[in-house]
Amino acid sequence: MTTIHPTAIVDSGAQLGEGVAIGAYSIIGPDVVIGDRTWVGPHVVIQGHTTIGTDNKFFQFSSIGAPPQDKKWHGEPTRLEIGDRNTIREFCTFNLGTVQDKGVTKLGNDNWISAYVHLAHDCVVGNNTIFSNNAQMAGHVEIGDWVIMSGYANVHQFCKIGAHAFVGMSTSLTQDVPPFVLLNGNPAQAHGINIEGLKRRGFTREQINALRTSYKILYRSGHTLEEAKAALLEQERATPDAAAQIREFRTFLDTASRGIVR
């Protein structure tokens with residue numbers, strides 16, 4: 001059964017699924033769609049053209065679906081889309097997209113978003129990520145599955161972070177991060193493969209060792225980027241047990257638009 005606290009304000013145009021709970025003093029706007037069994041705690045504001053999936057949890061004082069912090073936005077009906085089973089802790093701010101990009105900000109499934117995280121306009125976040133307190137994403141950032149963002153890490157607009165990367169505490173990112181890489185510092189520097197994370201997710205020793213070799217090809221061989229991609233292609237062909245992982249590492253380099261973190 002859907003429950004709405006007497007002090008909450010839910011617009012008649014909002015669509016609430018079965019088993020949704022809206023806490024005290026929360027405000028739900030007219031263009032909001034909230035899926036089944038999602039819990040919205042007290043003092044949460046959800047507005048804009050925002051669609052939320054099932055089994056999510058929103059803790060107090062978060063602002064979800066507010067207009068983008070972009071002077072080019074002039075009230076266009078851009079969107080925010082949130083998937084299923086996400087936990088969004090206190091004081092998070094997620095903004096709508098802009099027409100200068102795809103018009104939508106996206107958060108996937110099974111993400112753990114800690115307090116004070118900012119997800120700016122047109123960001124796209126995958127699944128199973130962890131964002132620690134005060135991680136900050138500027139506009140148009142893309143983050144792959146299983147990425148971990150440590151506390152106070154911040155990402156420049158238009159940067160891409162590949163799947164399974166680990167971003168250390170207080171890291172300042174201004175370039176793209178290949179998948180599987182561990183990095184830290186201000187400015188950010190790569191420090192090898194995220195071995196511990198890959199072990200926890202069931203990657204085999206052969207796959208991890210292959211990715212360590214891929215990392216050395218890119219970062220330690222002295223190759224140009226084009227030479228490194230050619231060498232990675234050869235490694236992929238010669239390592240069938242880890243071909244998919246090497247291919248993901250290699251093809252990311254073709255999509256990087258801001259240069260690779262060194």
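Entry 1, terms and source. I take buried as under 20% relative accessible area, exposed as over 50%, and partly exposed as in between, with a 1.4 Å probe and protein chains only. I am looking at a predicted model, where local features need pLDDT of at least 70, side-chain atom pairs count only at pLDDT 80 or more, and totals for chains, interfaces and linings use all residues. Residues are numbered from 1 along each chain as its sequence is written, and side-chain values use heavy atoms, with hydrogens and water left out.

Ile-27 sits in strand E5, residues 27-28. Strands (E, at least two residues) and helices (H or I, at least four) are DSSP runs, numbered from the N terminus. I then listed what Ile-27 touches, leaving out residues up to four places away in sequence: Ile-9, Val-44, Val-45 and Ile-46. Contact here means heavy atoms within 4.5 Å. Ile-64 is 37 residues from Ile-27 along the chain, and their C-alpha atoms are 10 Å apart.

I counted 4 helices and 28 strands in the protein chain. Buried residues are 50% of its 262 residues. A compact globule with 262 residues would have a radius of gyration near 18 Å, and the chain has 20 Å, which agrees. The radius is taken over C-alpha atoms, and the globule rule is 2.2 Å times the number of residues to the power 0.38. I noted that the C-alpha trace spans about 65 × 40 × 30 Å along its principal axes.

An α-helix has 3.6 residues a turn, so residues three or four places apart point the same way.

The 13 residues of H4 should span 18 Å, and the end C-alpha atoms are 19 Å apart, which agrees. Among the buried residues of H4 are Phe-249, Arg-250, Phe-252 and Leu-253. These buried residues of H4 pack against strand E24 (160-161), E27, H2 and H3. I also checked Lys-229, which is in helix H3. Is Lys-229 buried or exposed? Lys-229 counts as buried, because its relative accessibility is 15%. Lys-229 touches Arg-250, Leu-253 and Asp-254, not counting residues up to four places away in sequence.

Most residues other than glycine have a negative phi, and most peptide bonds are trans. I found a cis peptide bond from Asn-186 to Pro-187, with omega near 5 degrees. Pro-187 is in the loop between E27 and E28. His-140 has a positive phi, near 70 degrees, and is not a glycine. His-140 lies in the loop between strands E20 (136-137) and E21 (142-143), and is buried with a relative accessible area of 10%. Ser-170 is not a glycine, yet its phi is positive, about 60 degrees. I placed Ser-170 in the loop between strands E25 (166-167) and E26 (172-173); at 37% relative accessibility, Ser-170 counts as partly exposed.

Notes: Expected span 1.5 Å × (residues − 1).
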